[in-house]
Amino acid sequence: MAVAESGAPAQGATNGNLSLLSRLVGAQTPFQTKRAVWGYVYAAPWILGLIIFWGGPILASFYFGFTEYAVIGSPRFTGLSNYIRAFSGDELFWPSLGRTFTFAGMYIPFAVGGALILAVLLNQKLFGTTVFRTLFFVPHLIPAVALAVLWTFLLAPRVGPVNEFLRSIGISDPPGWLASRDSALASVTMINVWAAMGGNTMLIFLAGLQGVPQELYDAASIDGGGAWAKFRHVTLPMLTPTIFFNVVLAVIGALKVFTTAWVATQGGPSYATWFFALHIYFQAFQYFRLGYGSALAWVLAAVLMFFTWVQVRYSRRWVHYEGG
Amino acid sequence: MAQGSLTQDTQLHRAPVSPQRVMQPIVRALTYATIFALCVLFGFPLFWTAMSSLKTIPEMFAFPPILVPAAPQWANYWTVLNIDYPVGRWFVNSVLIVILTSFGTLITASLVAYSFARFEYRGRDILFMITLSTMMLPAQVTLIPQFVLFYKLGWVNTHLPLWVPHWFGGGAFAIFLMRQFFLTLPRDLDEAALIDGAGYFRIFWSILMPLCKPVLATLAIITIIASWSDFLGPLIYLNTPEKFTVSVGLQFFNAVPEVGGEPMQHLLMAACVMSMVPIILMFFFGQRFFVQGIVMSGIKG
């Protein structure tokens, strides 16, 4: 049916010069033309999706960034005023960006480093590895909202089990965790590290560890290397591509931190966990400043792209690729 | 440094033993001790949550805190479904959205990946590069215009914005995962079927798809987990409690954990456990596929 339709115009190509359709799809023969047309047909849902849910919105968002827009009515062009306001008139802008960086600075080393330690532990041939791996992974599976809710109870200053434990070992004045201005940011970081450590990052490290050839360890043993030397001079260098991959993912995840802070603290107390993604959310969807929200989203995108670029640029200095 | 003293220790033994032989049991014991500590670290919060969901309200707020309830209140799990908040409805909504999202992703991502892996046409490689680059862009950039789009369509406070977009290719990660798998299947299969007169869709559906079962299972698990846990989407699009998914519903419950002045924190914990259990069970049964998927994306990515 449809095969015949797409086949028909391609018939012309048998006469020596290629049909317009063949040229359009980059094909040489009627067979290739037909196949190319089917290629487009099967890719069509995504081509449409790219236009409707990516391309269109990206352009629209870029335009909204230069307007004032409140869903009702139409956007009113205001030039650079949103960006000027962000950089110099919004007293939550710089603090929320800085707070997000502080979060990332604490989260990334603990989440990635912790995952690496867990993976190295599980990679030894121990009894019950599968059971441990599953248990370590479960926190990662908890829906972010439930995660925030259960940690709110665990960290409750008075009736929570964590502070009860701290009091029982002699700390008479344990921290207020999420309820206190001084410790809320660290608490949100801790919750996210707890959930991320045994998750995908660890699985990727485990796969990476299994890819380190045994000969290298044997060679290190012959040279008299102990466990630490093997880790430092064999495991770590061989794992650098995996570490790089995990760090890139962790940076992206950290800069977008949202749900745990939103549910556990609503950005408080007194803005202590008001992250950049929360700022965007509040501006766009609570105050319906869609124009300003779009401008903020582009700032976040720019920051993310900058960090990814820096990481790729400097990865050559420390990432070791086999045969590369 | 430590090796020196250990070599001395070995002299006590009759037979000469290498330092490594002595080190090994110590290292092993330390490893097990660390793993045990980690089990407590990861297991205790889960245990505490499960126990809290079986408590009475006085036990929830007892000081000092009570670890295990005197008599487990299994009825909490029934009561939570019959309070003024439509908790049962949230679960039904989430299940429906998850099913629609997963089918959309699996079907359309496979088709698009089939196109990327098996067909040659102008612009294919650029299209694939664009596909990958969408993974780099934070969702916040497209979120606001998408909201405007769905608002104009009158889809706000319906479930449509949460699953319809997944029927348009299922996203870059899904396409990438499927494409990588298609590339591992021998092309001879397609060519033999083509010679036998099978059409392209027939090849896709009857020959390649049955071979894709493992990667489809992987993609299904990843999609189900992501869709079940999604918070930002439902938070933005849904306004009335009857429309909420489990995630937004829990957040709503958590913000006001009482109905008519009656505290309900124990029921909130039960709802939390109910939101975790389906996902954890699925992970247990599909672990093999899940791990494979993460590893594939990790190594190739």
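This passage describes the two chains of a predicted model and the interface between them. Residues are numbered from 1 along each chain as its sequence is written, and chains are lettered from A in the order in which they are written.

Chain A contains 15 helices and two strands, counted as DSSP runs (H or I, at least four residues, for helices; E, at least two, for strands) and numbered from the N terminus. Along the principal axes, the C-alpha atoms of chain A fill a box of roughly 90 × 70 × 40 Å. Of its 324 residues, 54% are buried, where buried means under 20% relative accessible area, exposed over 50% and partly exposed in between (1.4 Å probe, protein chains only). Among contacts in chain A with a separation of 6 or more, 62% join residues 24 or more positions apart, a contact being heavy atoms within 4.5 Å.

A:Asp173 is placed in the loop between helix H8 (161–168) and helix H9 (184–197) of chain A. This residue counts as exposed because its relative accessible area is 68%. A:Asp173 and A:Lys34 are separated by 139 residues in sequence and by 75 Å in space, C-alpha to C-alpha.

Chain B likewise comprises 15 helices and two strands. The radius of gyration of chain B is 27 Å, while a compact globule of 301 residues would have one near 19 Å. The C-alpha box of chain B, taken along the principal axes, is roughly 75 × 70 × 35 Å. Buried residues account for 52% of the 301 residues in chain B. For contacts in chain B with a separation of 6 or more, the share from residues 24 or more positions apart is 71%.

At the interface, 90 residues of chain A are in contact with 91 residues of chain B. The two chains bury about 8,200 Å² between them, with 79% of that area on carbon and sulfur atoms; buried area is the accessible area (1.4 Å probe) that two parts lose on being put together, summed over both. In chain A, the residues losing the most area to chain B are A:Tyr42, A:Trp46 and A:Phe53, which together give 11% of what that side buries.

Methods
Predicted model: local features only at pLDDT ≥ 70, side-chain atom pairs only at ≥ 80, totals over all residues. Heavy atoms only, no water. Rg over C-alpha atoms; globule rule 2.2 N^0.38 Å.
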